[in-house]
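Please look at the sequence and the structure shown below, and keep both at hand while you read this briefing.

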Amino acid sequence: MTGTGWSLPTDTPREWLPALDVPEPGRQRRLTVLLRLLLLVPQFVVVFLLGIVALLMVVIGWFAALVLGRLPDPVHEFLAGYLGYSTRVNASAMLLVDRYPPFTLEAPPDYPVQLELRAGPLNRLAVFFRLLLMIPAAVVSSLVTAGWYSLAFFFWLLVLLLGRMPRPLFEATAATLRYGMRVHAYGLLLTPAYPKRLFGDDLPPDTLEGPRSATRPLLLGGPAKALVVAFLVLGLLGYVASSFGSPRSEENADPRGGPAATLSVQHRAPPWPAADGRPLGRP
């Protein structure tokens, strides 16, 4: 294990998906739930600033990975720390844990949210086309995350009233967070494994390595899977609604309710004169 809490073995017998460990849903202080977003404002600022640096590091790492077939250790360490930091902040924002995330790139061993990523060689062709390859997974992640946040107020109110997150909601939220984390890990070149298992792990628990937690393995019940589907549908509906309500759509719409004015075919006189010297289209 490194200082950031990431396991970096030199040989991996099979594909390893980045793992997320979150404890069982427990009691949360209603005061911290009430002020959760306000308390996390400094964290959001730090994540934004770290994201700017991470973008530069990814560009450097992309060129290096094309040559070396892997990320340089300093680049990997920083990007792994950034991914862990942002995931801990997102876990707190999504009400999975009550404990405030620390201002550090290193994973505190006693913090309830832990990540594990196993470094390995990167396929140079997959690195070269990484942005193109990750589009389908990024679309799914953006839709399910947008769907979750469209209901975030109701989830916040539910946790505030109950003092805890119900189990089905916990499982669906953890699945959403874990899939988003895996998409980011793939985009940051931290793993060669393509993001998958949005609807939980299908493998038996005894076939999975590493520490056990409420999310390793992540086994979703029927209600939790229905919630994930609802997140996807709501995210898609939100995207469609925003597309039709965009300023470009309003500009292209005919105020009389007919076809777009920009697409209508209008008769225009050509600029050259006719044979008798009069412009075409004029009497």
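Does leucine 95 count as buried or exposed? At 2% relative accessibility, leucine 95 counts as buried, where buried means under 20% relative accessible area, exposed over 50% and partly exposed in between, computed with a 1.4 Å probe on protein chains only. This is a predicted model, in which local features need pLDDT of at least 70 and side-chain atom pairs count only at pLDDT 80 or more, while totals for chains, interfaces and linings use all residues. Residues are numbered from 1 along each chain as its sequence is written, and side-chain values use heavy atoms, with hydrogens and water left out.

**The whole chain**

- The protein chain holds 11 helices and two strands, where helices (H or I, at least four residues) and strands (E, at least two) are DSSP runs numbered from the N terminus.
- Along the sequence, these elements follow the pattern β-α-α-α-α-β-α-α-α-α-α-α-α.
- Of the 283 residues in the protein chain, 42% are buried.
- Among contacts between residues at least 6 apart in sequence, 76% join residues at least 24 apart, contact meaning heavy atoms within 4.5 Å.

- In helix α8 (residues 152-162), the residues Ala152, Phe155, Val159 and Leu160 are buried.
- Seen down the axis of α8, these buried residues fall within an arc of 135°, so they line one face of the helix; the arc is that of the directions from the helix axis to the C-beta atoms.
- An α-helix has 3.6 residues a turn, so residues three or four places apart point the same way.
- The face of α8 turned away from its buried side carries Phe153, Phe154 and Leu161, which are exposed.
- The buried residues of α8 pack against α1 (30-34), α7 (135-150), α9 and α10.
- Just after α8 comes glycine 163, which takes a positive phi of about 80°.

**How α9 meets α10**

- Two packed helices are described by the angle between their axes and the distance between the axes.
- The axes of helix α9 (residues 167-187) and helix α10 (residues 222-244) come within 8 Å and cross at roughly 50°; axes are lines fitted to C-alpha atoms, for helices over the stretch in contact, and angles run from 0 to 180 degrees between N-to-C directions.
- That angle makes α9 oblique to α10, since angles under 35 degrees count as roughly parallel, over 145 as roughly antiparallel, 65 to 115 as roughly perpendicular and the rest as oblique.
- On the α9 side, the contact is made by Pro168, Leu169, Glu171, Ala172, Ala175 and Thr176, and on the α10 side by Pro223, Ala224, Leu227, Val228 and Phe231.
- By class, the contact of α9 with α10 has nine nonpolar, one polar and one charged residues, where Ala, Val, Leu, Ile, Met, Phe, Trp, Tyr, Cys and Pro count as nonpolar, Asp, Glu, Lys and Arg as charged, and the others, Gly among them, as polar.
- Glycine 222 is found in helix α10 and is exposed, with a relative accessible area of 53%.
- The C-alpha atoms of glycine 222 and proline 168 are separated by 8.3 Å, although the two residues lie 54 residues apart along the chain.

**Backbone details in the loops**

- Leucine 95, in the loop between α4 (73-93) and β2 (114-116), has a positive phi of about 65° although it is not a glycine.
- Arginine 197, in the loop between α9 and α10, has a positive phi of about 65° although it is not a glycine, and at 31% relative accessibility it counts as partly exposed.
- Proline 217 is found in the loop between α9 and α10, and the peptide bond from arginine 216 to proline 217 is cis, with omega near 0°.
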